Amino acid sequence: HRKSQRQRDLKEWFIETELTLYEGQERLECRCHFDNQMKDHRLRAIFDFAISSDKHYADSIFERVERPNQRHKNWENPSNPQRHRSFIQLQNDKHAMTLSSKGLFEYEILHNRQIALTLLRAVGELGDWGYFPTPDAQCLRDFTLEFAIDLHAPNDTYQAIQKAQAFQTDLILKQVSQHQGTVPADATCIEHPVLADDRLCVTSLKVSEDGKDSLLRYFNLSQEKIALSHKARGVDLLENGIGQLGKVMAGQEIRTEIIEGDSL
C-alpha cells in the first residue's frame, strides 16, 4: 500500500546483448552486459513467441513443477513473481519454449504468453515490519548475465530440459599426459540405461561416503511411470542400503543407484 512512484528524472542506460547461435544447435544463447548506476528498480527481459497457455512449468528441487499463470484471488500483491532454478517452459498443443538461465532465479508469466525473466532487482531495504536498510542490494556495479532460448515441439520438452540443465555448467578443459587404457576414441564418456531416457534427470555421480562404491542419483522429471531395463541396488539420501530397486520408476521418484563394477 505504499504511495512511492518513479522519479521523473531520467538517465541513459546502455545494455549490450550478444546473441550466439552455434552451428548444429537450435538454442539461442544470450550474454547481457550492463553497468547499473540506478537505485530501486527492476530490470526484466520479456520473451513473447505467441505461445499462449493458462499454465507453465519450471524446475524446483528434484521436480518439474506445473504452475497456473493466474494468481490466486486472495493474492493481493499486484505482481506474481515465481522462482525457478534453471528453466521455465511455456507450451501449447503445437509449440513450446524453454528459457534457461544461469543464476537468475525470478520470473513471471504475463498475459498467459510472455515469460518475464528478472535480470536485476535493486532495493535499498528489506522487510515489511520495520526499516532495514540494505545499501549493497542496490547492486551498483557491472553485470554480465547469461540466458538461452530454445523453441521446440511439445514432444521435445524433456530433451529441452536436458539441454537447459547442461547450459548451467561450462565445459572445463584440462591438458593431461598420455595414459594407458582401453577407452574407445568415440566421444562417449559413459553409457548407462538412465542416460538414454530424456525424462530421467541425473543430478550427481559421486563416490559413496565410505569410499566403496560409485553412486548415480537421478529422478523422474515426468508424472509418468517409466520401465527400466536394468537391475540395480539402491541407497537412500543418507547412503544407507535399501536393497533391490524396482523395475518401474514412479512419477517424480528420486533414486540413488549403486554402480556395479564397470556398469558405466
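Predicted model: local features only at pLDDT ≥ 70, side-chain atom pairs only at ≥ 80, totals over all residues.
Entry 1: I began with the total. With a salt bridge taken as a Lys or Arg side-chain nitrogen within 4 Å of an Asp or Glu carboxyl oxygen, I have 15 salt bridges to write down.

**Entry 2: Glu29 and Arg27.** I looked up this pair next. Their side chains form a salt bridge, with 2.9 Å from N to O. Are Glu29 and Arg27 buried or exposed? I noted both residues as buried.

**Entry 3: Glu66 and Lys55.** Here I found a salt bridge between the two side chains at 3.9 Å, N to O. Which strands does the pair link? Glu66 sits in strand β5 (residues 63-68) and Lys55 in strand β4 (residues 55-60). The two residues are 11 residues apart, and I noted that they link distant parts of the chain. Then I checked accessibility. Glu66 has 47% relative accessibility, so I call Glu66 partly exposed. Lys55 has 31%, so Lys55 goes down as partly exposed too.

**Entry 4: Glu253 and Arg255.** This salt bridge joins the two side chains at 2.9 Å, N to O.

**Entry 5: a network.** Last, I looked for residues joined in a group. Which residues are linked in a network of salt bridges? I listed Arg31, Lys102, Glu146 and Asp170.

Technical notes. Residues numbered from 1 in each chain as written. Heavy atoms only, no water. Buried < 20%, exposed > 50% of the residue type's maximum accessible area, 1.4 Å probe, protein only. Helix = DSSP H or I, 4+ residues; strand = E, 2+ residues; numbered from the N terminus.
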